[in-house]
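Colleague: I would like to learn how to read the inside and the surface of a protein model. Could we go through it together, one feature at a time?

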Amino acid sequence: MAVADTRSSLSTYIIQVRKPTDKHFATVEDLDSLYRSFLPTTAASSKQEQRMVHSYQHALSGFAAKLTAEEAKAVQEKDGVLQVHPEEVLSLHTTRTPDFLGLHQGVGFWKDSNFGKGVIIGLLDSGVFPEHPSFNDEGVPPPPAKWKGRCDFNGTSCNNKLIGARSFINPINATQAVPPYDDTGHGTHTSSTAAGAFVRDASALGNAKGTAVGMAPLAHLAMYKVCVDDGCPASSILAGFDAAIEDGVDVLSVSLGGNSKPFFKDWIAQGAFAATQKGIFVSCSAGNSGPYNTSLSNEAPWILTVGASSIDRSIEATARLGNGLEFDGETLYQPHNFHPALLPLIYPEIDDRIQDCAKGSLRFRSDIRGKVVVCDLGSTEPVVAGQEVKDRGGVAMILVNGLTDGYTTLADAHVLPAVEVSYVAGREIKRYFNTASTPMATILFKGTHIIRRSVAPAVASFSSRGPNRQSPGILKPDIIGPGLNILAGWPFPLDNSTNLFNVISGTSMSCPHLSGVAALLKSTHPNWSPEAIKSAIMTTATTFNMEGRPIVDETLHPADIFATGAGHINPSKAVDPGLVYDDGPQDYIPYLCGLISNESQIEVIVKKKVNCSSIGSIPDYQLNYPSITVSFKPSVTNVSVTRTVKNVGPAKSRYQSVVDPIKGPVSIGVYPRELVFTEANQTASYRVDFTREVDSKAPSPYAQGAITWVSARHS
């Protein structure tokens, strides 16, 4: 859908053109002049407003402009124009975690990596609150000489921590972008998660108290504001990519996305490709459309796609029923003056439909006042549901998960005493309400607890799942990281205190954790490519929880590989992986030739003409990726896959293959079974043969296993 100017028939379109090879188009001004030549005469001569919205130099070859539908058709017909698309609006994927991930001040990985010193993390987000204590630059050195960015705040808001801030949001009929201040909280939260400074006595509504700190506390931050409250325009996202590439960031953190699209229509995939070609590591959120299969955003192999998991901290409350049964849940709002006496309980269901207590839904109910109200978790924001209960005189709310939410509970800043409980707990509470003659309930508030023997990390219910729609031979998500009930910086206080922190959830929160870890790796290994960093993160991930059992999902059953990817981030092991799968940027071209038959569509992504017949093509599963996904057509019983690893461990190393057999009618053979290295950065290849048993009845269309290369020091 095009984003229209309501005061005219103009909409924003993104126009992609063939990249000029003439050296006379080397500057931004030259390109801008070239792009204007593609505008129809009606647009070029328009005096009403500036038609050009953004002119791109790196993210893609082209520009964004305001056009009528007729003008857009005319531009599409011009020689040299590859694609004209109406702009779409994408969405944001919306303390304790360093300890949980094994990062401790003065020891191990944090000590050896210098806290990410010298690395620049760029974020495409909703802006930033520069005065937040998380952006204090004490102990942070000046940015490296390569930095070319700028700070668009007035005065001295930027420093050695927050080294850049720009906005690419243009109000209608305005030629100047709005300032890069954060008006939603999202960008302040993600940036402080990635690289926030140490802030003592942080908490949210008095909970989750401790020292807040980002993953890479001495890394530099640069904010590119591309989002507002109602979304992230594609033209702004591309402008953010363009500026970040030009400015010289090392890592890009992108906690936003849209629906699955072919890569030649996917603006984040195209911007990320351009960034990767310049050696920039790109981390993106997987999306919040789980737990359904094929619900992913950001599926391209040159992106690290991050799902969300829980941590070992709970901000607890308990729903107590009149029959003595108790059900634990979570809430950020923990009122000290709430007397836990039993009160009448009501579930105001409507014709067997869920009752999510949407705004206005209880306005005709006279039986809410003075009661504890049960509401279903649905499409209504939990805080909005609580406000509806409060407005109708309800005293407290028990928010119950739906079947797909399972045991994933969110600690929200509710407006009245409330607790969110699991689906199983909700079912029992409703059964009690329907069978008790005088149903009663209350809520006990228990504060913050660290659970020493926990099922964490568990996959959060909302975390989007594979398989990968656009490239089935590439496993996505790649990794999971902390994204459930995460404490980080916030631009405004939640209460009367001066504590500027909040607890929120989403793959938006897990993405900057991985961006920060990537910065730590880049600081330790400055010559590693984005592909090597991704490989180190994926091949050292853990597949077990704190109890030593396989990671579970929202049902508390073992999560499948389409939920976890390679597993949960393990930063202390990622710094020393032993072997890496290190593709070069050029390796994506034969991959794209195998994936996309139309060479002009490949040209849109890579920004140069491609001749696949001379380059050659490979199936997607043959890309030298740190995971393997193969599909058997009915007539196929054997598939062979080749992978190449680089030795980044001791020069003289010997690795043996260990196969975790696939549970299902598929056998695996690895050849050779031993890899021997005699020098650093030496490469070696191996082949994996997959054989499907004929006429066997598999319980599932999917099966999974693992191949591990084990040496004296590495696994």
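Modeller: Helices (H or I, at least four residues) and strands (E, at least two) are DSSP runs, numbered from the N terminus. Here, Val-455 is found in the loop between β22 (440–450) and β23 (479–482). This is a predicted model, in which local features need pLDDT of at least 70, side-chain atom pairs count only at pLDDT 80 or more, and totals for chains, interfaces and linings use all residues. Residues are numbered from 1 along each chain as its sequence is written, and side-chain values use heavy atoms, with hydrogens and water left out.

Colleague: Why does Val-455 count as partly exposed?

Modeller: Buried means under 20% relative accessible area, exposed over 50%, and partly exposed in between (1.4 Å probe, protein chains only). Val-455 has 34% relative accessibility, and therefore counts as partly exposed.

Colleague: Which residues have the most contacts inside the largest nonpolar core?

Modeller: In soluble globular proteins, nonpolar side chains tend to be buried together. A nonpolar core is a set of buried Ala, Val, Leu, Ile, Met, Phe, Trp, Tyr and Cys residues joined through side-chain atoms within 4.5 Å. The largest one here has 99 residues, and Leu-256, Trp-302 and Leu-592 have the most contacts inside it. Helix α7 (residues 234–247) gives the most to this core, namely eight residues.

Colleague: How many residues of helix α12 are buried?

Modeller: Nine of the ten residues of α12 (residues 530–539) are buried, so this helix is largely enclosed by the rest of the structure. Among the buried ones are Pro-530, Lys-534 and Met-538.
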